[in-house]
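Me: I should like to learn how to read a protein model, one feature at a time. May we work through an example together?

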Amino acid sequence: MLSGCAGMQAGNDLPLPPEPAAADSGIVEKACRSGRPFALVDFFAQRDPYLGHRSPATNGHSIDGDDISDVLHGDLLAKLIELSGKTVLAYGIDDPEDKHNAIPIPKILDALSHMIELIRAGAMPQPAAVVIAVEERKSLADLNAVFFEGRPEATTDTIAGKKGEIASKFKDVYHERPDYHDLYRLIRELKDMGIPLITAAGNDHSRTVNLLGIIGGTTIGALTPDGRIAPYSNRSSLTTIYRMGEITLRTEKEGVDINDDGEADFPWSMTSGGKGANNGARRNGTSFATGNVCAP
Ligand SMILES: [Ca+2]
Ligand SMILES: [Ca+2]
């Protein structure tokens, strides 16, 4: 499922984020420093995607204080990525069921294989990273059942160290999931081309891990505004990079500001007419943290 909008959680003893692992930190720094764009695979209603489809803005987020949807997950993420200084190549997923609350794996596979083909043919600029802020949830109990014969080997602390072992068994264990094999292969293929996958840790309070992280994606966890790990954010040894996961919707003269800089990011002409009745409303989730991956 998509990893925005976890809802607000109260938490008193929130941990501080760990020191980022050198590997994760190197991947993120290199991608953010690069002059190349980020390719974002998601649902978009407000922009015409560079590739793929634009979706109707139903079942998305209302950012202007009425109950009528204005933007989709990808519109918000693309804006956050741009606000941190990167350009975005939007790859729009179409959603025939008009739900916009999950990117089905087949759509991700289509997008990734299409992009790889275009990049190899020189028909698409090579991105600094592919961003897919989606989680394919796996509980640790399930992972232990399928990879470790029920032994409790994968814990929140050990899961990162188990990635190699999981990779070696992946094909046999998920023999009934050709879509997982394709996902694995495509993430590896991107990696071989020097293009990392950046994804969200997930909003499941660490009860699960994101399979995309286990098979090669770099996962981004969410911080609260005071710099602690957000209670909704997944946290395991897979995730060592954390970014701010909360946005506040502010009403400005020209439209809605999502990053507290006083400049409207979504003009009123792009919204449904609520005119900011929800000024100060907050949204959070590890998706937004992923959109902020290059923000300080
Ligand atoms: Ca609205
Ligand atoms: Ca702004």
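Me: Which residues does Lys 162 touch, not counting residues up to four places away in sequence?

Reply: Before turning to the contacts, please note that this is a predicted model. To read the contacts of a residue, one sets aside its neighbours along the chain and asks what remains. Lys 162 touches Glu 153 and Ala 154, once residues up to four places away in sequence are not counted.

Me: Where in the chain is the place of Lys 162?

Reply: One locates a residue by the elements on either side. Lys 162 is in the loop between helix H4 (140-147) and helix H5 (163-173).

Me: How should I compare distance in sequence with distance in space?

Reply: One takes a pair of residues and states both values. Lys 162 and Leu 238 are 76 residues apart in sequence, and their C-alpha atoms are 9.8 Å apart in space. For the whole chain, one takes contacts between residues at least 6 apart in sequence: 71% of these join residues at least 24 apart.

Me: What is the phi of Lys 275, and where is its place?

Reply: Lys 275 has a positive phi of about 60°, although it is not a glycine. Its place is in the loop between E12 and E13. Lys 275 has 15 other C-beta atoms within 10 Å, so it is partly exposed.

Me: How many bridges join the strands E10 and E11?

Reply: Strand E10 (residues 246-251) and strand E11 (residues 255-257) run antiparallel and are joined by 2 bridges. Arg 250 has Asp 257, in E11, as its bridge partner. A hairpin of 3 residues connects E10 to E11. E10 also pairs with E13 in the antiparallel sense, over 4 bridges. There, Leu 249 stands opposite Ala 281 in E13.

Me: What is the order of the strands in the open sheet of 7 strands?

Reply: The order is E2-E3-E1-E4-E6-E8-E9, and the pairing is parallel. Strand E2 (51-52) and E9 are the edge strands, each pairing on one side only. E8 and E9 run parallel and are joined by 4 bridges. In this pair, Gly 221 stands opposite Tyr 242 in E9.

Me: How does one examine a helix?

Reply: Helix H1 (residues 22-33) has 12 residues; at 1.5 Å a residue they should span 16 Å, and the end C-alpha atoms are 16 Å apart, which agrees. The buried residues of H1 are Ile 27, Val 28 and Ala 31. Seen down the axis, these fall within an arc of 90°, so they line one face of H1. Ala 22 and Arg 33 are exposed, on the other side of H1.

Me: Which strands do the buried residues of H1 pack against?

Reply: They pack against strand E4 (129-132), strand E6 (197-200), strand E8 (218-223) and strand E9 (241-244).

Me: What is the general idea behind a nonpolar core?

Reply: In soluble globular proteins, nonpolar side chains tend to be buried together. The largest nonpolar core here has 77 residues, and those with the most contacts inside it include Val 41 and Ile 132. Ile 132 touches Val 41, Ile 108, Leu 197, Thr 199 and Leu 212, not counting residues up to four places away in sequence.

Note on methods. Residues are numbered from 1 along each chain as its sequence is written. Chains are lettered from A and ligands numbered from 1 in the order in which they are written. This is a predicted model: local features need pLDDT of at least 70, side-chain atom pairs count only at pLDDT 80 or more; totals for chains, interfaces and linings use all residues. Two strands pair if DSSP finds at least two bridges between them. The expected span of a helix is 1.5 Å times one less than its number of residues. A residue is buried if 20 or more other C-beta atoms lie within 10 Å of its own, exposed if 12 or fewer, and partly exposed in between; C-beta atoms are placed from the backbone. The arc is that of the directions from the helix axis to the C-beta atoms. Two residues are in contact if their C-beta atoms, placed from the backbone, lie within 7 Å. A nonpolar core is a set of buried Ala, Val, Leu, Ile, Met, Phe, Trp, Tyr and Cys residues joined through C-beta atoms within 7 Å.
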